[in-house]
Amino acid sequence: MAKPSIDISESFASTAKISGDISQKDVNNVLQFLIGVGVSGHVPDQFDAKKDSYSDLVRDLLEPLHISRGHVTCLVSVKPAVINFFAGFHGGAVAAVAEAVSIACARTVVAKDKEIFLGELSISYLASAKKNAEVIVDASVVRSGRNLSVIALEFKLKKTGDLIYTARATFYHMPAAKL
């Protein structure tokens, strides 16, 4: 088993099982990358104590531009808090934005007394939005029936109009309670 030459005594990697068929150089590269992106970093106390701070972060990125039945368009600002190691829009943040905008879009056609829950979310990452870029997110209802709604989303750079991400969300409807 290869032993990493970097000091990993304080990181998650000190308990990792490292396969014997990987070179020392590759082990070090992987560990340095993981440490560099903050995989084992400390979460500040203000975020541990606050419930749902992640949703607050996502909401802070969004600005609604257009809302109509079956259609929602928002502007997303790619702020430093949601960029990845490569200075692009973090894939998890893209997914969180897709979820939030698709929920808003579904709510334009689903009755208020019906609860909905996300059953499936698929995303195609075609390119990347860089730090401080503005992205237009356009969501529209593909299908909405008694039991489910399907929402399609397109993410385009505001400056060029280039398509950078596409997403599709399926929401299941819970029946209204009859008391």
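This is a predicted model: local features need pLDDT of at least 70, side-chain atom pairs count only at pLDDT 80 or more; totals for chains, interfaces and linings use all residues.

Reader: With which residue does Asp60 form a salt bridge?

Author: Side chains of opposite charge can pair when their charged atoms come close. For Asp60, the closest N and O atoms of the pair are 3.2 Å apart, which is within the 4 Å that a salt bridge requires. The partner in this salt bridge is Lys79.

Reader: How many residues apart in sequence are the parts that this pair of Lys79 and Asp60 ties together?

Author: Asp60 belongs to helix α3 (residues 53-61), while Lys79 is in the loop between β2 (71-77) and α4 (91-107). The pair therefore ties together parts whose separation in sequence is 19 residues.

Reader: Is Lys79 buried, partly exposed or exposed?

Author: Lys79 has a relative accessible area of 30%. Buried would mean under 20% and exposed over 50%, so this value places Lys79 in between. Lys79 is partly exposed.

Reader: What is the N to O distance in the salt bridge between Glu134 and Lys158?

Author: Both partners count as partly exposed, Glu134 with a relative accessible area of 34% and Lys158 at 47%. Their side chains meet in a salt bridge, and its N to O distance is 3.6 Å.

Reader: Where does Lys158 lie?

Author: Glu134 is part of strand β4 (residues 134-144).

Reader: Which residue forms a salt bridge with Glu154?

Author: Glu154 is partly exposed at 33% relative accessibility. In its salt bridge the closest N and O atoms are 3.6 Å apart, and the partner is Lys156.

Reader: How many aromatic pairs does the structure hold, and what is the angle between the planes of Phe117 and Tyr172?

Author: The structure holds 5 aromatic pairs. One of them joins Phe117 and Tyr172, whose centres are 5.6 Å apart. Their pair is tilted, because stacked planes would be under 30 degrees apart and edge-to-face planes over 60. The angle between the planes is 35°.

Reader: Which strands hold Phe117 and Tyr172?

Author: The pair ties together parts that are 55 residues apart in sequence, because its members are in separate strands. Phe117 lies in strand β3 (residues 115-125), and Tyr172 in strand β6.

Reader: Is the pair of Tyr125 and Tyr165 stacked, tilted or edge-to-face?

Author: The ring centres of Tyr125 and Tyr165 are 5.7 Å apart. Their planes stand at 75°, over the 60 degrees that marks the class, so the pair is edge-to-face.

Reader: Which residues form one aromatic cluster?

Author: Tyr125 and Tyr165 both belong to this cluster. The complete cluster is Phe89, Tyr125, Phe155 and Tyr165.

Reader: Which side chain is joined to that of His173 by a polar contact of 2.8 Å?

Author: His173, in strand β6, is buried with a relative accessible area of 8%. Its side chain reaches the backbone oxygen of Arg146 at 3.3 Å. The side chain joined to that of His173 at 2.8 Å belongs to Ser149.

How values were computed:
Residues are numbered from 1 along each chain as its sequence is written. Side-chain values use heavy atoms; hydrogens and water are left out. Helices (H or I, at least four residues) and strands (E, at least two) are DSSP runs, numbered from the N terminus. Buried means under 20% relative accessible area, exposed over 50%, partly exposed in between (1.4 Å probe, protein chains only). Rings of Phe, Tyr and Trp (its six-membered ring) pair if their centres lie within 6.5 Å; planes under 30 degrees apart count as stacked, over 60 as edge-to-face and the rest as tilted. A polar contact is a pair of N or O atoms within 3.5 Å; within protein, one must be able to donate a hydrogen and the other to accept it, and residues adjacent in sequence count only if both atoms are side-chain atoms.
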